[in-house]
Amino acid sequence: MPGAAPPRTYGDGGGVVLYNGKVGNQRLDRFWRKFYAAMRSRRMQHNRHLWPYVSIKRDATGAISAFKAFRHSVPLTPVAEAFTDSPELVHLILSGPSIAEIQYDRLPIAAAMGVNGSIALVHKFDIPFKYYCVIDQNFVRRRIDLMREVVSRDLTLFVTPDVLRYLMQGIPPATYKCRICVIEVVSERAYQPSSTPQELLALARARPEMSVFDAERALGYSFNVARGVFDADTVAYAALQVMVAGGVKKLYIHGLDLGFSSGRRFYDEGERPETSRLVRNFERMIEPSFAQAAGLLKERGVELYNLSLDSALSERIIPKVDWRSLLSPVAAAA
């Protein structure tokens, strides 16, 4: 690319890793995070989970091309190569409690993307997870057992840099059977200052594949995930952008309850349920993001269907359908 900056390296990759199934020395981690927070500006605070353990390299386009943590490197799959044989129809399986209502042994699924704890379904059903997406480092730290199941499979895993840091700290990279694809939140790129509203608007003007809905709250949509995604504070929204960028034209979304049903997640969360900000951020971030994105996707011929009939998200935004309607007439009659 003419005039592009040469690849750069950030961080020093120091630190000590404990490959014992746990996520490292928590006391030391807290010390480094507090030290970083005290020494860096507010716009750099999103990097506190990376320093001093992680170093990265960026290619001429600005995408992360190399990742090293705790003196170990992990091969990365470029975003452009992650979708060489992407199907046009994918089931996006989330973690809402309505998942438990679906009889997956009857539902025909050729390709699925999972997020966070949806991998727990494989303990009961043969789900063809071809893709996976995790953007919350807290999930990795709390449920390293489920992440061990994810990385042991032949799939493409999309993760943010801080998620990959904790993944590498908890599970030896040499044991991964999945392909790793690093994605970044548009407004919080690794080892760079968080974007101001003015910078986000300028980015959208310069790149037609990005739309900014609300610059103050960093809400928008990206059709080019190599440049980053908008997260709207829910992995469902990031996963949607990943799949559409990969060429998917039809998505059935499972478990898009968004925190308004009786339970939190369909799988066992143990004695300490994982925290959720879905209800708190629904009206402020989640609903407006999906509402704006749905219009953009409709213009591009992308079909979205919500299999959660009790979802907080209005049917006017994403049409709701019963999972039984996807069965063949013979299977439906059984």
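## Exercises on salt bridges and cores

The count of salt bridges in this structure comes to 10. The model is a predicted one, and the exercises below walk through some of its contacts.

**Exercise 1.** Find the salt-bridge partner of Glu 199, and work out which parts of the chain the pair ties together.

*Solution.* 
- Step 1: Look for the partner. Glu 199 forms a salt bridge with Arg 43, and their closest N and O atoms are 2.9 Å apart.
- Step 2: Glu 199 belongs to helix 5 (residues 197-206), while Arg 43 sits in the loop between helix 1 (26-39) and strand 2, so the pair ties together parts 156 residues apart in sequence.
- Step 3: Check accessibility. Buried means under 20% relative accessible area and exposed means over 50%. Glu 199, at 39%, therefore counts as partly exposed, and so does Arg 43, at 28%.

**Exercise 2.** Locate Lys 130 and Asp 85, whose side chains meet in a salt bridge.

*Solution.* 
- Step 1: Begin with the distance, which is 3.5 Å from N to O.
- Step 2: Now find the places. Lys 130 is in strand 7 and Asp 85 in the loop between strand 4 (72-74) and strand 5, so this pair links distant parts of the chain, 45 residues apart.
- Step 3: Turn to Lys 130, which has 25% relative accessibility and therefore counts as partly exposed.

**Exercise 3.** Decide whether Arg 143 is buried or partly exposed, and do likewise for Asp 145.

*Solution.* 
- Step 1: The side chains of Arg 143 and Asp 145 meet in a salt bridge, at 3.0 Å from N to O.
- Step 2: Arg 143 has 15% relative accessibility, so this residue counts as buried.
- Step 3: Asp 145 has a relative accessible area of 38%, so this residue is partly exposed.

**Exercise 4.** Which residues touch the most other members of the largest nonpolar core?

*Solution.* 
- Step 1: This core has 54 residues, and Leu 157, Leu 167 and Ile 180 touch the most other members.
- Step 2: Next, see what builds the core. Among the elements that each supply at least two residues are strand 2 (54-58), helix 4 (161-170) and strand 9 (179-182).
- Step 3: Zoom in on Ile 180. Leaving aside neighbours within four places in sequence, the contacts of Ile 180 include Val 74, Leu 76, Leu 157 and Leu 167.
- Step 4: Finish with a second, separate core of 50 residues, which includes Cys 133, Ile 135, Val 186 and Leu 240.

Technical notes:
Residues numbered from 1 in each chain as written. Predicted model: local features only at pLDDT ≥ 70, side-chain atom pairs only at ≥ 80, totals over all residues. Heavy atoms only, no water. Core = buried A, V, L, I, M, F, W, Y, C linked by side-chain atoms within 4.5 Å. Buried < 20%, exposed > 50% of the residue type's maximum accessible area, 1.4 Å probe, protein only. Helix = DSSP H or I, 4+ residues; strand = E, 2+ residues; numbered from the N terminus. Contact = heavy atoms within 4.5 Å. Salt bridge = Lys/Arg side-chain N within 4 Å of Asp/Glu carboxyl O.
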